[in-house]
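Please examine the sequence and the structure shown below. The paragraphs that follow lead through the fold, its dimensions, its surface and its annotation.

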Amino acid sequence: MLQNKKSLRERLAHALCFEIIAVALCAPALAWIMGKPLLHMGALTAVISLIAMLWNMVYNAGFERVERRLGWVRDTRVRMVHAVGFESGLILIVVPLAAWWLSISLWEALVLDIGLLLFFLPYTYVYNLAYDRLRVYWAGETCPGA
């Protein structure tokens, strides 16, 4: 069974929860790893979070259109395609920002981002799986592939 369309309000709640959890996990870890003040890394993380939240809404809306049009069911393969596509687009946006903010090279920012990707790929997968399962209760909807 295919997923119903999500409202803008639901998309905002989905993205906001995703980002709040991510910032709470990443800002302290990045401050420690980079040897930067928590406030400095927290600000960068918050800016990246805003960018990621907007990208999340745009990407998910587009992905779900493709999903409906092609009749995909959210099985493990589709969830992996979703997570890889989302994170790949985000890399293109975030690497130049991180390089500038941290006064490091694009290469160093890319390496840092790859490290974050190792966290975010499974985080994105697990978050969306959990969200889809919880949505069954919130919206009373069938949860495909969950």
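**Following the chain**

Read along the sequence, the protein shows the pattern α-α-α-α. It has four helices and zero strands, where helices (H or I, at least four residues) and strands (E, at least two) are DSSP runs numbered from the N terminus. This is a predicted model, in which local features need pLDDT of at least 70 and side-chain atom pairs count only at pLDDT 80 or more, while totals for chains, interfaces and linings use all residues. Residues are numbered from 1 along each chain as its sequence is written, and side-chain values use heavy atoms, with hydrogens and water left out.

The UniProt record, an unreviewed entry, places the annotation "domain: Chlorhexidine efflux transporter" on residues 6-69 and 74-135; such annotations may be inferred rather than shown by experiment. Residues 6-69 are 92% helix and 0% strand, with end C-alpha atoms 15 Å apart. Residues 74-135 are also 92% helix and 0% strand, and their end C-alpha atoms lie 14 Å apart.

How far does the C-alpha trace of the protein span along its principal axes? The spans are about 50 × 25 × 25 Å. Of the contacts in the protein with a separation of 6 or more, 69% join residues 24 or more positions apart; a contact means heavy atoms within 4.5 Å.

Buried residues (under 20% relative accessible area, 1.4 Å probe, protein chains only) make up 41% of the 146 residues. The protein exposes about 8400 Å², of which carbon and sulfur atoms supply 73%; these areas come from the Shrake-Rupley method with a 1.4 Å probe.

Notes. Buried means under 20% relative accessible area, exposed over 50%, partly exposed in between (1.4 Å probe, protein chains only).
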